Amino acid sequence: MSHSLGIRLFLALGLFFCFISGAEASDSLAQDSGDMNLSELKAFDLLCRCETGCIINTVSLSSTGDYLAAGGFDHNVYLFDSRGTQLWNYTTGDIVYTVSISSDGSRIAAGSNDKKVYLFTREGDLLWSRKTGGYINSVALSSDGLYLAVGSEDGKVYLLNREGRLLWSFDSGDAVRSVAISRNGSYVATGSANNYVYLLDSEGKTVWGKKTGSLINSVSMNPNAYYVAAGGSNYNVYLFDRKGEFSWMHNPGYWISSVSLTNNGSHLAAGSFDDKIYLFNLSGAKLWDYQVKDDVYAVEIASDYSFIAAGSWDDNVYALNMDGEELWNYSCGGNVNSLDVSRDSSTIAVGSDAGAIYLFERNLTAFALLLGDESFLPKETVKKTDAVTAAETIQPIKEDTAVTGGIENKVEDVSVASSSVAGNAKTGEDSDSEDLPPEESSLKILEKFDSVKFPAALLLGSLAGTVFFLKRRLVKYYEMNENLEDFENLEESDTSKNN
C-alpha cells in the first residue's frame with residue numbers, strides 16, 4: 001500500500017513542477033513586471049525636440065521614422081533626421097500648411113499659401129515648383145514618391161508625376177480641404193467645401209461623388225482605397241467603400257477635424273472639437289470616446305493597431321490602446337496642430353505652437369508590459385524594411401456592413417464631369433488590392449507553438465522519468481517476488497528432506 005502511495009506522490013509532484021515551470025516560462029512578462037509600477041512606464045521616449053522658433057503646422061514621417069518633414073508659419077519647409085539634426089530648410093513665399101514625404105524619405109512635397117506646390121530631394125534640392133490658382137491646403141505623395149495629389153483653395157485637385165508634369169486636374173467647384181492617395185497612386189480621395197466627398201481614378205475620372213451635409217475637413221483611405229472615411233463640420237463621420245456605397249455615418253457631437261482608418265478599414269478614429277477622441281467599428285458602432293481638455297486637431301491609428309495617437313490644443317499628445325485606455329501623454333508646451341505615425345508604428349512626430357517639433361520612439365519593453373504582449377519584445381535583429389512590410393499587412397474583414405440608425409443627413413450620389421488635361425497617370429487598378437491574406441499568419445502560429453514548447457518538453461520529460469522509475473520499481477518487485485518464491489521452495493525442499 002505504501003509503495004503504491006509513493007508512486008502516486010512522485011507522479012503528482014512531477015506534474016506539479018512541470019506546470020509550475022510552464023507557467024513561469026509563459027508568464028515571464030508578469031514576473032518581469034512584478035517589481036515594477038506599470039503606471040510609471042513610458043510607452044514612448046522623447047528622441048529629440050527640433051527647434052524652429054515658429055508655429056509648426058504640418059509634419060510627415062518616412063516609413064521607418066528616419067526622416068521627418070515639416071512646414072511652418074515662417075514660410076519654411078524643413079527636413080530632420082531621427083536624431084533631430086536639421087538636414088536643410090527651404091523658404092517659400094508664404095506659410096506652409098502641408099507637407100508629405102515618400103516612404104523611403106527620398107522625396108518631400110510641400111504646399112504653401114504662395115499658391116505653389118514644391119517637390120524636393122532628400123538632399124534639399126528643389127526638383128520643381130508649380131503654380132496653382134489658390135492656396136495649397138493639402139498634398140499627398142504616393143508611397144514610392146512617383147505621384148503627388150494636391151488640393152487647392154481654387155477648388156481643384158491636381159495629380160502630378162515626380163517630374164512635375166500635370167497628369168490631370170479635377171474641378172470640385174469649391175475649396176479642396178483634404179486629399180488622400182492610395183499606396184500605388186491609382187486612386188485619390190478628396191473632401192471639399194462644397195460638401196462633397198469624391199473618389200477619383202488614375203485618369204482623374206470620378207469613380208463616385210457623394211454629397212454630405214457640410215464641408216469636409218478631412219479624408220482618409222486605407223492603402224488599397226477599398227474604404228474612404230471623411231469628417232465634416234456638421235459633426236458627422238462618414239464611411240464609403242470603393243463602389244461608393246454609403247456604409248454609415250455617425251454624429252459624435254461637434255466638428256470633426258481629423259479621421260484615420262486602419263489598413264483593413266475595420267476601425268475608424270476621429271478627432272473632434274468637442275474635446276474627444278472617438279473610435280468606431282466597420283458597422284458604424286461607436287466603441288468608445290476619450291475626453292481630453294481641448295479641441296482634438298489630429299488623430300492617427302498605428303499600422304499595427306497597437307495604439308491611436310492624438311494631438312490636442314490642450315498642449316498634449318496622447319497614445320491610447322484600441323480599448324480606449326490611455327497608455328501615455330506628453331506636454332508639448334503649446335497647441336498640437338499636427339502629428340504623424342511612421343508606417344512601422346515605431347515613431348510619432350508632433351508639430352506644436354511652441355516653435356518645435358517633437359519626435360518620440362516607442363518603448364517596446366513598456367508596450368509589452370502595458371499590453372501584456374510578448375510579441376513587442378525584440379526576438380532577433382530585423383531589417384526595418386521587413387518591419388514595415390509586416391506592419392502594412394492588410395487583414396481581412398467582412399464586407400457586409402450595417403447602417404447606423406439616427407442618421408440626420410442623407411448622402412446623395414452625384415455625377416460630375418472632370419476636366420481632362422493632356423497626359424496619363426498610372427493606369428489600372430492595384431492587382432493586389434482585393435487579395436487579403438489570412439487573418440492569422442503562419443509566423444503567429446509558430447510563435448504560439450513556441451510558447452508551449454517548453455512546458456510540453458517538461459511534461460514529456462517528467463512523464464518519461466516517471467515511466468522509467470515505475471519500470472525500475474516493477475522490475476525490482478518481480479525480482480524480489482521471484483527470490484521469495486525460490487526461498488519458499490528451498491525451505492519446503494529442506495523440510496521434506498528432514499522429515
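User: Is Glu203 buried or exposed, or in between?

Analyst: This is a predicted model, and in it Glu203 has a relative accessible area of 39%, so Glu203 is partly exposed.

User: With which residue does the side chain of Glu203 meet in a salt bridge?

Analyst: The partner is Lys205, with 3.4 Å from N to O. Lys205 is likewise placed in the partly exposed class, because its relative accessibility is 48%.

User: How many salt bridges does a search of the whole structure find?

Analyst: The search finds six. One of them joins the side chains of Lys286 and Asp289, at 2.8 Å from N to O. Lys286 is partly exposed at 38% relative accessible area, and Asp289 is partly exposed at 29%.

User: Which residue forms a salt bridge with Asp304, and where in the chain do the two lie?

Analyst: Asp304 forms a salt bridge with Arg362, and their closest N and O atoms are 2.9 Å apart. This pair links distant parts of the chain, 58 residues apart: Asp304 is in the loop between strands E26 and E27, while Arg362 is in strand E32. Asp304 is partly exposed, with a relative accessible area of 26%, whereas Arg362 is buried, at 11%. Elsewhere, salt bridges that share partners join Lys276, Lys286 and Asp289 into one network.

User: Let us turn to cysteines. What is a disulfide, and how many does a search of the whole structure find?

Analyst: In general, a disulfide is a covalent bond between the sulfur atoms of two cysteines. Here the search finds zero. Take Cys50: the closest cysteine sulfur, in Cys48, is 3.8 Å from its own, which is too far for a bond, since the cut-off for a disulfide is 2.5 Å. Cys50 is buried, with 1% relative accessible area. Cys332 also counts as buried, at 0% relative accessibility.

User: Next, strands. How do side chains alternate in a regular strand, and which residues lie on either side of E20?

Analyst: The general idea is that side chains in a regular strand alternate between the two faces of the sheet. In E20, Val237, Leu239 and Asp241 are on one side, Tyr238 and Phe240 are on the other, and all are buried, so both faces are covered. With five of its five residues buried, strand E20 (residues 237–241) is largely enclosed by the rest of the structure.

User: Which strands pair with E20, and how many bridges join them?

Analyst: Strand E19 (residues 227–232) runs antiparallel to E20 and is joined to it by five bridges; Ala229 stands opposite Leu239. E20 also pairs with strand E21 (residues 246–250) in the antiparallel sense, over four bridges, and there Phe240 has Phe246 as its bridge partner.

User: What is found in the turns of these hairpins?

Analyst: The hairpin of E19 and E20 has four residues between the strands, and Tyr235 in the turn has a positive phi of about 75°. In the hairpin of E20 and E21, also with four residues between the strands, Gly244 takes a positive phi near 85°.

User: Finally, what is the strand order in the open sheet of four strands?

Analyst: The order is E2-E3-E4-E5, with antiparallel pairing. E2 (56–61) and E5 (86–91) are the edge strands, each pairing on one side only. The twist averages 15° from one strand to the next. Within this sheet, five bridges connect E2 and strand E3 (residues 67–72), where Val59 has Ala70 as its bridge partner in E3.

Technical notes: Residues numbered from 1 in each chain as written. Predicted model: local features only at pLDDT ≥ 70, side-chain atom pairs only at ≥ 80, totals over all residues. Heavy atoms only, no water. Buried < 20%, exposed > 50% of the residue type's maximum accessible area, 1.4 Å probe, protein only. Pairing = 2+ DSSP bridges. Axes fitted to C-alpha atoms, helices over the stretch in contact; angles between N-to-C directions. Salt bridge = Lys/Arg side-chain N within 4 Å of Asp/Glu carboxyl O.
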